[in-house]
Amino acid sequence: MKEADVKGRVASGAGVTILDFVLPAGLEASEPPPVRDGVRLLVATATGMRHARFGQFGEFLAEGDLVVVNASATLAAAVDGDRAGAPVEVHFSAELDDGAWVVEVRPAGTSTGPVSGLRAGEVIGLADGVGLVLDGPRPAGQDRLWRAELRAGQSRIEGGAAAFLARHGRPIRYAYVPRQWPLAEYQTVFGREPGSAEMPSAGRPFTAEIVTDLVTRGVALAPIVLHTGVSSQEPGEPPQPERFRVPESTARLVNATRAAGGRVVAVGTTVTRALESAAGPDGTVRARSGWTDLVLGPERRARVVNGLVTGWHAPGASHLALLTAVAGPELVGRAYAEALRLGYRWHEFGDSCLLLP
């Protein structure tokens, strides 16, 4: 693909939406990089693009900036199942308040979509004689995600889904990752509270050494928790509701940073969604927890976050609208054009981008 074609497909200035670009074959990262902070880092600012390695991350921030990270840890959220004699794979997406789960049932192997024709009341057989009882689509109006409960006979299983996944689960992976990797490869240095169906991958390249470097530069760090659901939405489908928590201490640090003129840099779309869900119309952040269904985009721009660390998202992903809500379509478009031109790697094991509008 020629450079002009890439820019024409990606840049909003050419009259083409940011969601409209082609990911060339070979740019999907298929395995973890040998060194976490050795991945490439594209730094996109209003004055131009810079190329570095992630280990240099601290060089692009300043004293008084605040980096907000996601302390959610990744679950072994994929298990084998049996649907009337046909092998399937169940992806556990989110635990609901009553102990039930939102799940996605997919054909076994490297499938690209969910099983069709599921019915309320259907039971998917799992290990240890456990059955997954499908209650109905959640949210209503689609048939990819279902509310479901684990049952052993007529009773819920001891320890719930978390204990079952610890015994029988493995990390969710998609077709571009051809082999299974241990759960440790899907954890970030910040992960402390298990609950994410898929890794909050923007935080993956961080190391203890990078955190130490940030602190010595006068850059503060603060946590939120947002448990990610499955990321296998159809192109253009909005993100699903997710459970989150913004602590009081983080809210205070965010407000103090903004008042002092520092930048609030979110590590990932998960952190951005959590902070913006806790922000008032004037951008003041307050401690908050629960579920967020916030969708950032042209109708709801970012009020708090003015810097964003992100991986590279697939065409049609709802994450792209969130990026433009923080950095604007022009800067995001130029960053994606540059990444495609220079062969940056995509997805959870791929390269990174720092948007500093």
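On a 1 Å grid over the protein atoms alone, a cavity is a set of points where a 1.4 Å probe fits but cannot get out. By this rule the structure holds one cavity of 30 Å³ or more. The model is predicted, with local features needing pLDDT of at least 70 and side-chain atom pairs counting only at pLDDT 80 or more, while totals for chains, interfaces and linings use all residues. Residues are numbered from 1 along each chain as its sequence is written, and side-chain values use heavy atoms, with hydrogens and water left out.

**The cavity**
- The largest cavity contains about 40 Å³ of space, a volume being the space filled by probe spheres set on the grid points, which are joined across faces, edges and corners.
- Its lining (residues with an atom within 4 Å of a point) consists of Asn70, Thr188, Phe190, Pro200, Gly203 and Val267.

**The sheet**
- Strand E16 (residues 307-310) pairs with strand E17 (residues 352-356) in the antiparallel sense over three bridges, where pairing requires at least two bridges found by DSSP.
- Within this region, Thr310 stands opposite Cys353 in E17.

**Two helices in contact**
- In the contact (heavy atoms within 4.5 Å) between two helices (DSSP runs of H or I, at least four residues), Leu320, Leu323, Thr324 and Ala327 in H6 meet Pro329, Leu331, Val332 and Tyr336 in H7.

Methods. On a 1 Å grid over the protein atoms alone, a cavity is a set of points where a 1.4 Å probe fits but cannot get out, and a pocket is an open set with protein on both sides within 12 Å along at least five of seven lines; lining residues have an atom within 4 Å of a point.
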